[in-house]
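Please read it alongside the sequence and the coordinates.

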Amino acid sequence: MSKRFERLGAEVARTQDESLDDARRRARVRRRLSDTPAPPLRPPSRAWRPALGLILAAATAAAVLMLWPSAMRPIAYRVDDGEPSSAVGRLIVAPDNRSVPVRFTDGASVDLMPGAQANVSELTPAGATLQLERGVATVSVRHRKATRWSVRAGPFLVRVTGTRFRVGWNPPERAFDLEVLEGEVRVSGPGTPEQAVRGGAGLRVVPQSEIGAEPPEPKLKPSPARGEQAAATERARPPQIKARASSVRPPAQALELNLPPKQPAPVEGSVAPGRPPTPRTEAPDAQVENESEDEPETSATEQPLDPWIALFERGSYELALAELSPEEIERALWHADAGDLMELGAAARHAQDRRAGYIYSVIRSRFAGTEAAAEAAFMLARMYFHSGAPQMAATWLETYLREQADGRFAREAAGRLVEAHVQADDDTRARAAAERYLERYPDGPHATLARSVLE
Amino acid sequence: MDGQMSVSEVMSELDRESLGQLAKEEHVSHDAMLVESLRADDPDASAALFDAYGQYVERLLVRVLGRDPEIEDLLHEVFVEALANIGQLRDPAKLKGWLTRMTVFIARGSLRRRRRQAWLVFLPGDEVPEQPSGSSAPETRDLLARVFAVLRKLRPNHRIAFSLRYIEGMTLPEAAEASGVSLATFKRWLKASDHAFLARAKRTDHALYQELLESPRWGAP
């Protein structure tokens, strides 16, 4: 076979050589080199120098280790692929187009979702405290004898011993979201005693009262099981935010009720998911509805509409992405319903807008446990798949299948899972996925691939 | 005749091998002078180094990375690194091999960086499809694009092994030296790259796979 590769390679080389005839690129580099100041010459290497350095470093490290037991050393962390750090209070910002991993030396990890900001506010030998300034973070902490890990999000404190959970904090709206994926955490907040939240459950706290009213009451809501449409609808409802002293924005919910019922936007192929019941066309809050019926025109004329509302009403999601400011987009993300956000995400994906990942991450956080959240996972999988990251795609596909085993994308997700493992050269998982696929969909579009994997 | 040998007579005295040896010695001597000039901070030396090896380094980068918008920056990077580290080159006669290793090292770094970024960034990388300009036939251009589409999915070390051995046409020891690994390791990489290339082609470009296996164009089946 290598002879064939050699001939193929020679043919490729001949074709490539044509482009090498063009000397313009070399001329540009030659000019750049002559414009670049001569770098200082590094001295000749001496083989013994690094060796001596290593010996000295090892001796010093051994001495430090003997004098300073590891149990006494605070843990450290690494952001992205950066250097290990023990810095406290330094802001870590995840850009809008990707998540940022933070790995701790005790095995804990935090993934800041796109747009999230956080800092490590405390490092101890037993753990750390993460201050989530805004956005969504997925936290995974390994259980040990004396683990002391916590996450602060606004006035809320999440204490962790060993678990995996997703936490979100939206400062402008003071909205707190928690989804415990495994284990148990203990949460406390203003005016609320500490309470346990176990795996599979979620917690959402949103301010519900008028100016000067009492602090928000956390409501513990278990993640809805599949088919529990009522619970899903409840979770998919936008935060029940009314006017607050700190907000100059009009009460969005009341204004939305003044608008005519929205015509559903056309669904684009298989991308746009089923739209959960839209709260604004229902009566989510009797008091608000009555207010809007009493004074519909007054509130509509006195309070300018947030621009995203009008754009979403018209189904102009591409326009929204193009014209809304980052702050307006942010408000939309934390107020719009799941259906609108899925369509916004689809528009972003089609436009290759890097905010698509962030949009789907917000959907996962805000509407955890709903069909929309699962479909956001499926969309994230597709995006990772097309960006050449099959392992990440596989993770999200598995998430979708776990959350929507009989969902409308289940067959495609199962097939793509086989593809993703194959692309990742993970034969064991590919075989397992292929077996599962053939068991459920022996005549499915990925059946041929699945059989070839098992051969 | 005045007793001196004519050029043709001299040439006939020299067999092919000794001519090759002469060229090599001249080359070594040229490299030694070049390194000396660089170490002496000769203002023209960096341009001379680029003139001597710019095209070679560019070719190696193209072999490994294909048509790529980063080639120009990487070419620049190789020479900036070479100029900064020329003091560490112990044997000036090995300048070419040293530059080759540096080029492969930088190309590998670029491939690994992209692989890491692919995990984080949702959009496709900035690698552009192979589409060489020039007079090559459409089917040849198509072949080039398809080969690199498969190579892009290979692990960096496997892609480098494939490119150096089959596209650049290095011998196994040369390619191992260029990759900075032992001959045994390189052979392992190459074997893995063969398998990976075929497996990937089978999944993503079945026509290329079939052609590779069956077409007489690439040798007897």
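## Aromatic pairs

Rings of Phe, Tyr and Trp (its six-membered ring) are taken to pair if their centres lie within 6.5 Å, with planes under 30 degrees apart counted as stacked, over 60 as edge-to-face and the rest as tilted. By this criterion, 16 aromatic pairs are found over all chains when the whole structure is searched. In A:Phe156 and A:Phe176 the ring centres are 4.4 Å apart and the planes stand at 20°, so this pair is stacked. Because A:Phe156 belongs to strand 9 (residues 156–160) of chain A and A:Phe176 to strand 11 (residues 175–182) of chain A, the pair ties together parts that are 20 residues apart in sequence; strands here are DSSP runs of E of at least two residues, helices are runs of H or I of at least four, and both are numbered from the N terminus. A:Phe156 and A:Phe176 are both buried, that is, under 20% relative accessible area, where exposed means over 50% and partly exposed lies in between (1.4 Å probe, protein chains only).

A stacked pair is also formed by B:Phe162 and B:Phe197, at 4.7 Å centre to centre and with 10° between the planes. Since B:Phe162 lies in helix 7 (residues 156–167) of chain B and B:Phe197 in helix 9 of chain B, this pair ties together parts that are 35 residues apart in sequence.

## Basis of the model

The model is predicted: local features need pLDDT of at least 70 and side-chain atom pairs count only at pLDDT 80 or more, while totals for chains, interfaces and linings use all residues. Residues are numbered from 1 along each chain as its sequence is written, chains are lettered from A and ligands numbered from 1 in the order in which they are written, and side-chain values use heavy atoms, with hydrogens and water left out.

## Charges over rings

A charge sits over a ring if NZ of Lys or CZ of Arg is within 6 Å of the ring centre and within 35 degrees of the ring normal. A:Arg416 is placed over the face of A:Phe385, at 5.4 Å from the ring centre, and in chain B the charged end of B:Lys96 sits over the ring of B:Tyr56, 4.6 Å from its centre.

## Chain B

Chain B has ten helices and zero strands, and 45% of its 221 residues count as buried. In helix 9 (residues 183–204) of chain B lies B:Ala184, which counts as exposed because its relative accessibility is 51%.
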